[in-house]
Amino acid sequence: MSVLCVPEHTEIPVGDRFSTDAVAPSISARHVVSLDRFNRAMQSRKAPVPFELGYRSVRSRQHCGVIALGREAIEILPKIEVPGTSESDVTARIRLFSMLIFARRLPIHQAEATRLATQRHGLLEVFVRLYCTQALALVRAGMVHRYERHDDNLRVLRGKLVLPVHVSLNAARQDRVYCAFDEFTPDNAVNQIIKAAARRAASVVTSASTQGMLRELIYSLDEVTDRKFTADAYWAIPRDRIAHLYRNVLELGAMILFGPLPDVVSGDVSQVALLFVMNKLFEEFVGRHMVRLASTLNAEVALQGPP
């Protein structure tokens with residue numbers, strides 16, 4: 001995957017091709033169309049628009065993160081430099097992950113994110129590999145099973161008889177019984193969303209090692225039905241004890257499918273985009289530091305939003 005890395009609030013020229021050249025970066029008209037479609041999707045969600053589309057140029061706004069555009073990606077890194085120094089892309093990625101983890105935006109460990117970022121993987125690659133690592137660990141330990149309701153026209157009674165449907169379908173068939181029954185199965189919403197996120201990620205990453213991890217994850221979920229998820233379906237998953245054990249993986253999977261917008265409950269976006277509003281992120285990051293400092297001073301700090 002070709003990844004164009006730019007600092008936030010950078011103007012990117014629109015040319016004939018996608019270029020990651022540090023001196024003369026550019027994107028093509030095809031990529032502008034994709035960014036415009038993504039902007040419109042964000043507007044429909046009443047979320048801040050990440051890109052300002054101008055004449056022969058595109059400017060990243062207050063967002064940082066990555067958006068995949070087919071086999072290319074634009075990575076927007078934060079401008080957090082010490083005066084008189086120049087920060088590398090690797091250092092900027094580590095800083096962004098550190099802020100996201102400390103502000104509780106990413107349910108991952110700092111050490112693992114830093115290790116992958118220093119191997120010169122892009123943001124999207126790091127994120128997908130972290131997702132695969134956590135998901136594979138859970139699946140290898142044993143897929144979650146749930147009781148799922150099934151309705152079927154069977155040869156023997158199983159569960160309970162659904163009389164109105166049975167009479168309608170089987171008036172002339174004495175060898176069939178229409179039943180409703182519960183089955184303890186791995187083919188449930190928890191495993192389905194893990195598989196759906198893995199398939200979405202496989203469509204945008206190109207690293208052979210990451211693709212290998214995704215193939216292993218998808219193969220391990222062979223008993224699980226492929227399902228197209230909406231954000232509504234994600235929020236409908238029961239938040240019980242089992243789902244709590246899978247909470248981190250479900251959150252990461254939902255971000256791959258829908259983006260980092262926890263308040264969104266409907267709609268879908270075709271691109272894989274992990275974009276964070278930097279102003280809000282910085283506010284949360286400073287707030288968490290204030291809470292930590294206040295605890296040592298016997299003071300109280302109240303943060304806006306959820307705890």
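Contact here means heavy atoms within 4.5 Å. By that criterion, among contacts in this chain between residues at least 6 apart in sequence, 65% join residues at least 24 apart. The model is a predicted one. The chain has 307 residues, and buried residues make up 47% of them. Its secondary structure consists of eleven helices and eleven strands.

One part to look at is an open sheet of four strands, in the order S3-S2-S5-S4 and with mixed pairing. Its edge strands are S3 (27–28) and S4, each of which pairs on one side only. In general, strands of a sheet pair through backbone hydrogen bonds, in either a parallel or an antiparallel sense. Strand S2 (residues 11–15) pairs with strand S5 (residues 57–60) in the antiparallel sense, over three bridges. Within this pair, Ile-12 stands opposite Val-58 of S5. Strand S4 (residues 51–54) also pairs with S5 in the antiparallel sense, over four bridges. Here the bridge partner of Phe-51 is Ser-60 in S5, while Gly-54 stands opposite Ser-57 in S5.

S4 and S5 form a hairpin with two residues between them. Arg-56 is found in the loop that joins these strands, and its phi is near 60 degrees, a positive value in a residue other than glycine. With a relative accessible area of 47%, Arg-56 is partly exposed, because that class lies between the 20% limit for buried and the 50% limit for exposed. His-9 lies in the loop between strand S1 (2–7) and S2. Its relative accessible area is 41%, so His-9 too is partly exposed.

In soluble globular proteins, nonpolar side chains tend to be buried together. In this chain the largest nonpolar core has 82 residues, of which Ile-74, Leu-106 and Ile-194 touch the most other members. The largest share of this core, eleven residues, comes from helix H4 (residues 123–141). Leaving aside residues up to four places away in sequence, Ile-74 touches Leu-4, Val-6, Ile-12, Phe-18, Ile-27, Leu-35, Gly-65, Val-66, Ile-67 and Leu-69. Among these partners is Ile-12, the residue that stands opposite Val-58 in S5.

The axes of helix H2 (residues 89–102) and helix H11 (residues 278–296) come within 9 Å and cross at roughly 60 degrees. The two helices are therefore oblique to each other, and H2 passes H11 in a left-handed crossing. On the H2 side, Leu-96, Ser-98, Met-99, Leu-100 and Phe-102 take part in the meeting. On the H11 side, the residues met are Met-278, Leu-281, Phe-282, Phe-285, Arg-288, His-289 and Arg-292.

Leaving aside residues up to four places away in sequence, Leu-96 touches Cys-64, Gly-65, Pro-78, Leu-123, Met-278 and Leu-281. Of these, Met-278 and Leu-281 are in H11, while Gly-65 is also touched by Ile-74. Leu-96 and Cys-64 are 32 residues apart in sequence, with a C-alpha to C-alpha distance of 8.2 Å.

How values were computed: Residues are numbered from 1 along each chain as its sequence is written. This is a predicted model: local features need pLDDT of at least 70, side-chain atom pairs count only at pLDDT 80 or more; totals for chains, interfaces and linings use all residues. Side-chain values use heavy atoms; hydrogens and water are left out. A nonpolar core is a set of buried Ala, Val, Leu, Ile, Met, Phe, Trp, Tyr and Cys residues joined through side-chain atoms within 4.5 Å. Buried means under 20% relative accessible area, exposed over 50%, partly exposed in between (1.4 Å probe, protein chains only). Two strands pair if DSSP finds at least two bridges between them. Axes are lines fitted to C-alpha atoms, for helices over the stretch in contact, and angles run from 0 to 180 degrees between N-to-C directions. Angles under 35 degrees count as roughly parallel, over 145 as roughly antiparallel, 65 to 115 as roughly perpendicular and the rest as oblique. A crossing is left-handed if the near helix is turned anticlockwise from the far one by less than a right angle, and right-handed if clockwise.
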